[in-house]
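The sequence and the model are shown first.

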Amino acid sequence: MGKLNVNLCGIPLDNPVIPASGTFGYGYEFAQWYDINRLGTFSFKGTTREPRFGNPTPRIAECTGGMLNAVGLQNPGVQAVIGEELPRLQACFHKPVMANISGFSVDEYRDVARALSACEQVGWLEVNISCPNVHGGGMAFGTSPKAAGEVVRAVREVTKKPVIVKLSPNVTSIADMAKACEAEGADAISLINTLLGMRIDLRRKAPVLANTMGGFSGPAVFPVALRMVWQVYEAVKIPVIGMGGVSTAEDVVEMMLAGATAVEVGAANLVNPFASLEIVERLPEVMANCGIESLEDIIGGAHRT
Amino acid sequence: MQEKVFEITANTEIAKDVWEIRLKGDTSGMEKPGQFVNLSLPGFFLRRPISVCCVEGQELTLVYKTVGKGTACLSTLQTGTLNVLTGLGNGYDLERAGDAPLLIGGGVGVPPLYELARQLRKCGLPVQVILGFNSVCDVFYEEKFRDLGCDVTVTTVDGSYGLKGFVTDALAGKHYSYYYTCGPMPMLKAVRKQCAGSGEFSLEERMGCGFGACMGCSCKTTEGYKRVCREGPVFRKEELLWEN
């Protein structure tokens, strides 16, 4: 069997498959259905300093090849995550977890990062500067290289753990964003968050989502995500985590050939709760079919041909 | 929650735009009335959550309304198989029924009450049922509830069948220990205002996953944020905040 293991910022992963933030809760609920230790790791639900209910419903809409969500960073707040969610996770997950953090100010990002960095279970901090569903936070930091750099600098100051910056595709130059984050000390870049989209209900002649707009994800966005992973891989020296529409083991290999060291799986988890596990299980077969002995060897491989 | 494959054995229109689909497969884990399943449909990304109407042996019956492209697609399927996530959500609590439960259903809120009525009748309880529809062409399952031995009152908004008016217009003179309801939000609000005592409400919301992962269907309750798909869809009257 080929080798699936990769190394993400100095922490080994048994395989590169990582359920993406917002599609896997805090993990333990999926552990009722299968052993989540079979995943590389997972990125938990985006966490802010205070508890947030998020946006009004409806928060979900469908579209061809995917979906829109406007959840709006619902989460119980960092103290409850540390006090309640992580202890529950500890009972069923024995690997370092990726902590996804968000905020509405540079100070908030710093506070949440400091608190979660102190948790032994946390392996990486994934700093979400790309949520399209909240005003004044999230994506506001992810569409300007200067603002993104300020967040990265603030988080960098309070943690020695690897800092991964999750980028928004809703920018003119994804490479410039990635470079700004790298310059301020980011250890890795993950991309893409969702694309800003909307739907209109023909009966009500009004937007489907209560928030009007939402984040578009699902298999339809895969080519866009792949292209951006390709561009960021060429722009920076730090590792890239690819995500966006990944739903098969073949997609994982494609992302890695474009330059991804690891690959996050998002919307696919919502239509098939076993999607991430099934991808892990099928990777060896796909590798064998493609003549790949070790996944680590193929990272960025398509740039070298 | 379990992922199963069911075989379609029948799919028929039983009222205007209302369809009853019968599926054969492993129905374990769907014992509680008020639970739902999430169907994967060919050509659609998201699954379609549909409440369980009846579970008997290997047969699972669902009743749904064609309200969009997905359910319209479902109505065209006469044979073949469906990938189904089963046993989703928390159902109605039978233990609160008391000695004279009342079931109030509106439109496609009626189906989950059928399995509830079946189970309450199995417990030997007298069951009163109020079924509300817009018009005579929308009425379904009246006879099926009667066949269970329920005391059934049908209302139609336009008066074309049964008692003219809303479900709440059929409350006069009814004595009940507890109520269970499912239907559109305006109906649920009216029931909550006009029904004496306590009861349980089944809510509807657009869902992403249906099993608690995406936070797409959250609602605020007196006990904090809950997910319609996971902690719900059935909530006690005292839990709900009745905002908006």
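The sections below treat the basis of the description, a strand in chain B and a sheet in chain A.

## Basis of the description

The model is predicted: local features need pLDDT of at least 70, side-chain atom pairs count only at pLDDT 80 or more, and totals for chains, interfaces and linings use all residues. Residues are numbered from 1 along each chain as its sequence is written, while chains are lettered from A and ligands numbered from 1 in the order in which they are written.

## Strand β8 of chain B

Helices (H or I, at least four residues) and strands (E, at least two) are DSSP runs, numbered from the N terminus. A residue is buried if 20 or more other C-beta atoms, placed from the backbone, lie within 10 Å of its own. B:Gln128, B:Ile130 and B:Gly132 point one way, and B:Val129, B:Leu131 and B:Phe133 the other.

Two strands pair if DSSP finds at least two bridges between them. β7(B), residues 101-106, runs parallel to β8(B) and is joined to it by 5 bridges, with B:Gly106 opposite B:Gly132. β9(B), residues 151-156, pairs with β8(B) in the parallel sense over 6 bridges; there B:Val152 is the bridge partner of B:Val129.

## Sheet in chain A

β4(A) and β5(A), residues 66-69, are paired over 4 bridges, and A:Asn69 is the bridge partner of A:Ile60.

Terms used. Buried ≥ 20, exposed ≤ 12 C-beta atoms within 10 Å, placed from the backbone.
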